[in-house]
Structure formats: C-alpha cells, structure tokens
Amino acid sequence: MARAAEGHRSDAVLREKIENNKRKLRMAKSKGNRSQIEKYSKKVERLVHELAENHQAPATCPAPAAPVPVAATVVAQPAPTKVAATVVAQPKRPSTPGLPEGWERKTAPDGRTYYVDHVNKRTSWEPPAAEAPLPAGWEKKTAPDGRTYYVDHNTKTTSWTPPGVATPQFAAATALSIAASGRRRALLVGCNYKGTRAELRGCINDVKRMRAFLLSKGFPPSEMLILTDDQQGAGRPTRQNMMKAIHWLVADSSKGDALFFHYSGHGGQEDDPDGIEEDGYNETIIPCDFQRTGQISDDILWRDLVDKVPDGCRLTSVMDCCHSGTGLDLPFTFDSSRGWVQDNCPAFSAGDVQMFSGCRDDQTSADVVANRQAGGAMTNAFLAVLDRHDDGDLQYTELMDKLHRELKRNRMSQRPQLSSSQRFDLRKRAFCLTDGFVPNGNSHLGRPPRQPGHKRKHKQGGALGGMDLESFLAGGGGAKVAMGLMGGLMAMAMAD
C-alpha cells in the first residue's frame, strides 16, 4: 500500500496524528482557508484509513494492493427487493476446488495467499471457515442478484448472515469519525393542503423556522431547496417536484458532506404488496397533489434517498408527520431500554443516515400553537431542545430523553423515534449535524427477500379503512391536526 515505505505505525501514533490534523482542520475552517481545509481533510482521511488497515492485516507486513480490506470497502450489490435496481444476470464466478462456491485462492505481490469471496465482493487473509450444518428450520437460498441469504422458517424471517454469526454491536471504527468536507445541502418541504378537506396550518411555518435554524448551523442559502404549497411552479411540493428535489439533495454527494431533509405535512399508510413491512403497511408522505398522484412510500424514499447516500456522508432527517416511526425504512431503531433494535427485514445502506420521527408508526402527530403561531409539535420540540441544550456535547440518549420530556410537558401523547442506517455507540457520540460522521459498518447492503410464508397484519378495509385518501386525512386517520388555545401553547394532542 502507499505507506509501505514508511513502515508500520502503531495505533497510538496514528490516533495522535489524527487528532493533531483534526485540530489544524478546525482552525483552517474557522479562517475559511480552502486550500488548508482540503490539505488537512485529505490527511485525516488518509490517517483514518491507515488506522483501519492496521486491523485488517497482520502488522508485520502492510496489506498488498490486490485484496480490498473487508471493513474498509464493501461493494454494494443491488438490493433483492422491489426497491432495488434491475437485476442483471450474473456471470459464472471463479471458484477454487476445495473452497465454498464463489471463493477463490489467489497470491498477493509479496507472495502471501489471500482469498476472494466473489459472492459478497470482499477479500480476506483467512480462508473461509467450513460451514456448520444449519439448525432445524433454516434454509440456505440464493437471491436474484446471486448473493446467499438464509431463511428461518421457524420465525418466517430472512437474513444475510447464517445462524450463529454475531452481528457487530456498533458500526466499524465508530471512534474514527469522518472529517467533514464543509459541503452542506438541505431540502425542506412544508404542505398545508390549503383548499382541501385535509387542510393544515403550521407546516409552512415549520419550514421557515427550520431554515433559520440551519442557517445558524452554516448551511448556505444557495444550497437550500424550499418546497411549500404557498408557492407555484418548481417551488410547489407536488409529487414530481418532491422527487426531483430528493434526487437533487443526494446528487454528487460524497464522503464528509452534510445533508438535511425536513418534511412537515400529512403522513399516511398504504398496503405493502411485498410483505416487507412487519405491520403490513408502507409508511408514506403526502404531496400537495395527492388527489391525482397519490402517496410517496418509505420504499421509494429508501430507494431514491437513503440508498443514494454514500459511505461517510451524513443525512439527518426530521419527519414531522403521522405514522412516521419508520418513515425512511432504516434498519435500526433506538429503544431506551434495549438500545438499537434491528428491523425484522432490514434494508442496509452505506451512508450515515439518521431520522427523527414525529411519532411511532401507529400514532398520529399534532400541530401546536406557540406565541400565536401554528407549527408541528415535533418541529417545535426539536428546535426548542436544541436551542436550550445543544452545547456541542449533547449525547443522543440525552437528546431523545429531552424530546420526549418536551412533548410530554406540553401534554402530547406522540412518541418521537430515532432510527439509523448505522448502529453506533449512543453513549460515545454527540449529536452534530455537520461533523463526526461514521463510516459504513454494515457487512451486507440491501434487503434480503422476505420469506413467502410471512403473515401480514391488515386493518379491515386496508390501510385507509375503506375511505378515499382525502377523507382519511381529513378524518384524522393520518392527519396532523392543528389545535390550539388563543394566545398560548397548545395543551392537547391527538389520541394514539
């Protein structure tokens, strides 16, 4: 590798150099020196990569150029579900006799033997372990893109990993945060649905307040796209404009970039035709032309937004709408008593994506009136907590606790949730929109196929209870209903 001439450097030396260069990077950013920012960003990235390599290969000899370090690089295959790209027929993979199918034994330039797993696109210095017999009720299968996955017929679940293989507790090298590039971009969407039976009052106000907050955090106005339904043309949150804006948000994004997505409006549910969702329903957001174009599902948001965020790039989302608990289909959800809980049919991606929802999937979100101005309860609580407590060392557990307390103080029954694409140590990572991102720690990307025998729950009449969408929203089934008390803070919330 590039550092072979310098010889192996210890973890302690590398960590010290990383911190020194991070300090210089912060100084360069404070002075706005672009050449120094680029210089020290590259140094930090190179040192972090070298430190990661120390744990990929024996310290006595640097890794050869041929094998790609397993934890450092994972080449994503298309996810084998409806949210995946079109599956292309796979060519026959090379295999070495005596090794599992798809494995090949090769020789590095320095003469050492290494092994290539063509199925999962990774390399290793160690040969593959012999597969143990599967427990009763388990089956090994091949996905349409050629990858191996496992079916547990006992629980009707699927997994990329065989039974007995432990999942890493936290994302790889959580402490080795990615240096921020300084590039920041935001998409803010607010729909009041004026003139419909499902009209709201505070969503455009939410966008205005969130914009002011992001400006204070260094997001440039030129890199903010605002969609509100008091505008016409390209600024109106129609389905077409929202999808174009989502594609703009992630276009050309790269490691170290900070992205932000805020949605305030109606949220809903629709029947899940693929059996992916545990409750049988896709969560949705509602464009202003929903009568004509329908809803935008979490499957679409995962495919066009989450899965397009590259390794080391951060996307933070605040979804202030009903049924938003798993609104981006992220694989890990924070539980105050259990820590990270993995979804039964998780969709893994490479980026550092986090979402703060207004409520659980089975709840509705409310509007509040504060200082004679309507707004979403979640947006109001999120901004209030960060205004009072964001001192640069606000831990995620503290942030979620304070969000719940803020909503409870105002007599709100909705329970916001934190979900993430990466499983990281909540006790050792402070909340920050623009720095401290983590690299990908998911060994497999995409979602394994749902077992055909999986049983789904359904409401009588489907997700909308037999109503048309506008009637469902107007009746409160998926509505973020505006309520308030004259001259003061709203002290009521919709029931769960």
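1. Aspartate 252 sits in the loop between α4 (239-250) and β9. The phi angle of aspartate 252 is near 60°, a positive value in a residue other than glycine. At 73% relative accessibility, aspartate 252 counts as exposed. For these labels, buried means under 20% relative accessible area, exposed means over 50%, and partly exposed lies in between (1.4 Å probe, protein chains only).

2. A word on the model itself: this is a predicted model, in which local features need pLDDT of at least 70, side-chain atom pairs count only at pLDDT 80 or more, and totals for chains, interfaces and linings use all residues. Residues are numbered from 1 along each chain as its sequence is written, and side-chain values use heavy atoms, with hydrogens and water left out.

3. Histidine 323 also has a positive phi without being glycine, near 55°. Its loop lies between β13 and β14 (332-335). Is histidine 323 buried or exposed? At 5% relative accessibility, histidine 323 counts as buried.

4. Now for the whole protein. There are 9 helices and 19 strands, and buried residues make up 51% of the 496 residues. Among contacts (heavy atoms within 4.5 Å) between residues at least 6 apart in sequence, 72% join residues at least 24 apart.

5. The buried residues of α3 include Cys203, Ile204, Val207 and Leu214. Among the partners that the buried residues of α3 pack against are β7 (184-190), β8 (224-228) and α7. Just after α3, glycine 218 takes a positive phi of about 90°.

6. Next, see how α3 meets helix α7 (residues 377-389): the two pack at an angle of about 25°, with their axes 10 Å apart. That makes α3 roughly parallel to α7. Axes are lines fitted to C-alpha atoms, for helices over the stretch in contact, and angles run from 0 to 180 degrees between N-to-C directions. Angles under 35 degrees count as roughly parallel, over 145 as roughly antiparallel, 65 to 115 as roughly perpendicular and the rest as oblique. On the α3 side, the contact is made by Asp206, Arg209, Met210 and Phe213, and on the α7 side by Thr379, Asn380, Phe382, Leu383 and Leu386. These residues divide into 5 nonpolar, 2 polar and 2 charged. Here Ala, Val, Leu, Ile, Met, Phe, Trp, Tyr, Cys and Pro count as nonpolar, Asp, Glu, Lys and Arg as charged, and the others, Gly among them, as polar.

7. Helix α7 has another partner, helix α8 (residues 396-409), and these two pack at an angle of about 125°, with their axes 9 Å apart. That makes α7 oblique to α8. Residues of α7 in this contact include Ala377, Phe382 and Val385, and they meet a set in α8 that includes Leu399 and Leu403. By class, the contact has 10 nonpolar, 1 polar and 3 charged residues.

Technical notes:
Helix = DSSP H or I, 4+ residues; strand = E, 2+ residues; numbered from the N terminus.
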